[in-house]
Amino acid sequence: MPADDRLIVGLDLPDRAAAEAMVERLGDTVSFYKIGFQLALAGGLPLARHLSRAGKKVFLDMKLLDIENTVEKGVESAIGLGVAMLTVHAYPQVMRAAARAAQGSGLTVLGVTVLTSMNQSDLDEAGYATPLPDLVARRAAQAGEAGIGGIVASAAEAAAIRAIVGPGMAIVTPGIRPSFADADDQKRIVTPADALKAGASHLVVARPVIRAADPARAAETIKAEMAAAFREQDA
């Protein structure tokens, strides 16, 4: 899989106009985009359909969590938009409902294990007694059992997850920070090369690209880091 299909740029921008301007600046450098809550609630859903029809891939990061019927209907709506990926929270009931709705379509449902902005103290505060690595592993195994297409998790857990789910599932990793970028508010981050070596299949990068003085050049730099990792693996 080429780097163009593995790099997902997060359009974490305030409205559709800003997102379209960023897509225009990135041009052919980027073919895969993430639309999350911020943009989805500000014109991002029609934009997702537009980008899909224009030949771009879209990762709709909505983190669905609701009763089974509502999840199924939400997944069906995402399929109607033509998006390539959609997130749900990695609760077994939710993942099974999403898998049923996505069956036979081109949509890859991704289960969110633990947010990359959270660490063990955050889980403790939320009332989870399970250690973070164990919780991620359990949810990864349940995602495989539910029959969804992939997982969202920190690249710090990618190797352990790959050992659990095998080679066929996508592992999409946010919290990626290339060598030239700051960590910002992410607590569990790695470089693009390290993420790929650990078993990640797709990398989500937002601020290091969209806040760069030259977003296209930043994206090309990240793809170059990814390509170097591929060459090292093949050597």
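Predicted model: local features only at pLDDT ≥ 70, side-chain atom pairs only at ≥ 80, totals over all residues.
Contact here means that heavy atoms lie within 4.5 Å of each other.

**Helix 5 and the cores**

The buried residues of helix 5 pack against strand 3 (57-64), helix 4 (68-81), strand 4 (85-89), strand 5 (108-112) and helix 7. Those buried residues are Val94, Met95, Ala97, Ala98, Ala99, Ala101 and Ala102. After helix 5 comes Gly104, which has a positive phi near 85°.

The largest nonpolar core holds 71 residues, and Leu11 and Leu26 have the most contacts inside it. Helix 5 (residues 92-102) gives the largest share of this core, seven residues. What does Leu11 touch, not counting residues up to four places away in sequence? Its partners are Ala19, Met22, Val23, Tyr33, Lys34, Leu39 and Leu51. There is also a second, separate core of 10 residues, and Phe32, Val112, Ala170 and Val172 are among them.

**Helix 7 against helix 8**

Helix 7 covers residues 132-146 and helix 8 covers residues 158-165; their axes come within 9 Å and cross at roughly 35°. The crossing is right-handed. The table lists the residues that make the contact.

| Helix | Residues in the contact |
|---|---|
| Helix 7 | Val136, Ala137, Ala140, Ala141 |
| Helix 8 | Ile161, Ile164, Val165 |

By type, the residues of this contact are seven nonpolar, no polar and no charged. The spacing of residues in a helix follows a general rule. An α-helix has 3.6 residues a turn, so residues three or four places apart point the same way.

**Strand 7**

Strand 6 (residues 150-152) and strand 7 run parallel and are joined by three bridges. Gly150 stands opposite Ala170 in strand 7.

Are the faces of strand 7 covered or open? Both are covered: Ala170 and Val172 are buried on one side, and Ile171 and Thr173 are buried on the other.

Thr173 belongs to strand 7, which spans residues 170-173. Why does Thr173 count as buried? Its relative accessibility is 0%, and the cut-off for buried is under 20%, so Thr173 qualifies. Leaving out residues up to four places away in sequence, Thr173 touches Ala153, Ser154, Ala155, Ala195, Ala200, His202, Leu203 and Val204.

Conventions
Residues numbered from 1 in each chain as written. Heavy atoms only, no water. Axes fitted to C-alpha atoms, helices over the stretch in contact; angles between N-to-C directions. Helix = DSSP H or I, 4+ residues; strand = E, 2+ residues; numbered from the N terminus. Left-handed = near helix turned anticlockwise from the far one by under 90°. Nonpolar A, V, L, I, M, F, W, Y, C, P; charged D, E, K, R; others polar. Buried < 20%, exposed > 50% of the residue type's maximum accessible area, 1.4 Å probe, protein only. Core = buried A, V, L, I, M, F, W, Y, C linked by side-chain atoms within 4.5 Å. Pairing = 2+ DSSP bridges.
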